[in-house]
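Please find below a note on the structure, written for a reader who is new to such models. The points may be read with the coordinates open alongside.

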Amino acid sequence: MMQALKGSLVALVTPMIPNGDVDYVALENLIDWHIEKGTNGIVSVGTTGESATVNIKEHLEVINHTVKYVNSRIPVIAGTGANSTSEAIELTMESKQIGADFSLLVTPYYNKPNQNGLIQHYTKVANEVDLPQILYNVPSRTACDLKPSSVKILSEHKNIVGIKEAVGDPKRIDDLIQISSNNEDFLLYSGDDPSFLSMLKKGGDGVISVAANVVPEYISDICSSALEEKFDIAEELDNKLSTLYELLFIESNPIPVKWMLYKMELIQKSIRLPLIELDKKYHEDMLSEMLKLNLL
């Protein structure tokens with residue numbers, strides 16, 4: 001069993017050049033920066049990495065490049081979810097062969113499976129691919145909600161090692177904490193930056209964060225403080241980021257975060273259709289918050 005994956009995991013953007021091709025030089029620079037700033041793991045080609053608009057070949061090329069360049073310095077979690085079970089298996093299998101340490105599987109979006117369908121979907125992927133798998137529930141994007149009762153069943157599979165839960169509801173979190181405390185091999189990650197600290201306080205293991213793209217040190221420090229139960233320090237840092245958390249979702253993710261990274265001169269200005277550049281009406285608010293946080 002490899003070491004438990006805890007702390008600040010960045011849902012890394014996929015940098016691109018203006019024509020939309022992947023910018024591998026910028027990707028390498030981002031990886032080095034994250035490792036230097038204390039990020040504990042990298043999620044490659046999740047939602048923030050524009051998994052919905054890269055094709056399968058590109059998807060696997062980005063994961064491959066990330067795994068090779070990280071070179072075991074920190075764990076790499078490959079985004080391998082799909083709304084077709086066979087495609088999710090293919091992506092997960094390929095990611096295992098590439099050398100990813102974990103995979104992250106979003107609930108099948110758009111086709112609205114019921115709970116039994118979700119259990120069968122995840123069980124089939126876990127049976128077919130011997131790689132540690134993290135479930136990912138984000139109903140605001142998928143029109144599909146993986147309930148704690150289903151998570152409990154899935155948590156008993158040896159290849160299903162955790163969940164990224166993006167529903168910030170306290171009752172939901174309590175139910176998942178209960179599952180995690182009954183099974184110490186099952187880890188709980190927040191997928192919701194504004195509420196991740198409250199999950200960590202209750203016993204969560206980390207966050208898969210959009211904000212970590214622009215403030216990796218802050219998110220890493222909040223996680224390490226919370227995991228050491230230094231909650232006053234964690235809260236003080238977290239409070240400084242409350243406006244940033246809101247701004248990062250002022251338009252669909254990753255529109256705002258890519259715009260900020262462009263302003264920080266870490267990536268070029270490029271996002272794939274149907275997403276487009278951040279609306280000008282938000283630029284001033286974004287820049288003023290970035291100045292406050294010394295990001296410019």
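The numbered points below move from the whole protein to single residues.

1. Basis of the note. This is a predicted model, in which local features need pLDDT of at least 70 and side-chain atom pairs count only at pLDDT 80 or more, while totals for chains, interfaces and linings use all residues. Residues are numbered from 1 along each chain as its sequence is written, and side-chain values use heavy atoms, with hydrogens and water left out.

2. Overall form. The protein contains 13 helices and eight strands; these are DSSP runs numbered from the N terminus, helices being H or I of at least four residues and strands E of at least two. The radius of gyration is 18 Å, close to the 19 Å given by the globule rule for 296 residues, so the protein is as compact as a globular protein of that length. That radius is taken over C-alpha atoms, and the rule is 2.2 Å times the number of residues to the power 0.38. Along the principal axes, the C-alpha atoms fill a box of roughly 45 × 45 × 35 Å.

3. Of the 296 residues, 54% are buried, where buried means under 20% relative accessible area, exposed over 50% and partly exposed in between (1.4 Å probe, protein chains only). Among contacts with a separation of 6 or more, 72% are between residues 24 or more positions apart; a contact means heavy atoms within 4.5 Å.

4. Nonpolar cores. In soluble globular proteins, nonpolar side chains tend to be buried together. A nonpolar core is here a set of buried Ala, Val, Leu, Ile, Met, Phe, Trp, Tyr and Cys residues joined through side-chain atoms within 4.5 Å. The largest one has 57 residues, and Val214, Ile219 and Leu244 have the most contacts inside it. Beyond its neighbours within four places in sequence, Ile219 is in contact with residues including Ser8, Phe196, Val207 and Tyr245. A second, separate core has 25 residues, among them Ala82, Ala126, Leu135 and Leu146.

5. Ser95 lies in helix α3 (residues 85–98) and is buried, with a relative accessible area of 0%. Leaving out residues up to four places away in sequence, Ser95 touches Leu60, Ile63, Ala78, Thr80 and Ala100. Val67 lies in helix α2 (residues 56–70) and counts as buried at 13% relative accessibility. With the sequence neighbours up to four places away again set aside, Val67 touches Val76, Ile98, Gly99 and Ala100.

6. Cis peptide bonds. Asn253 and Pro254 are joined by a cis peptide bond, with omega about 10°. Pro254 belongs to the loop between α11 (242–247) and α12 (255–263). A cis peptide bond also joins Leu273 and Pro274, with omega about 10°, and Pro274 is in the loop between α12 and α13 (283–292).

7. Positive phi values. Which value does phi of Val45 come near? Phi of Val45 is near 55°, a positive value in a residue other than glycine. Val45 is in the loop between β2 (41–44) and α2, and at 2% relative accessibility Val45 counts as buried. Ala143, also not a glycine, has a positive phi of about 60°. Ala143 is in the loop between α5 (139–142) and α6 (148–154), and at 45% relative accessibility Ala143 counts as partly exposed.
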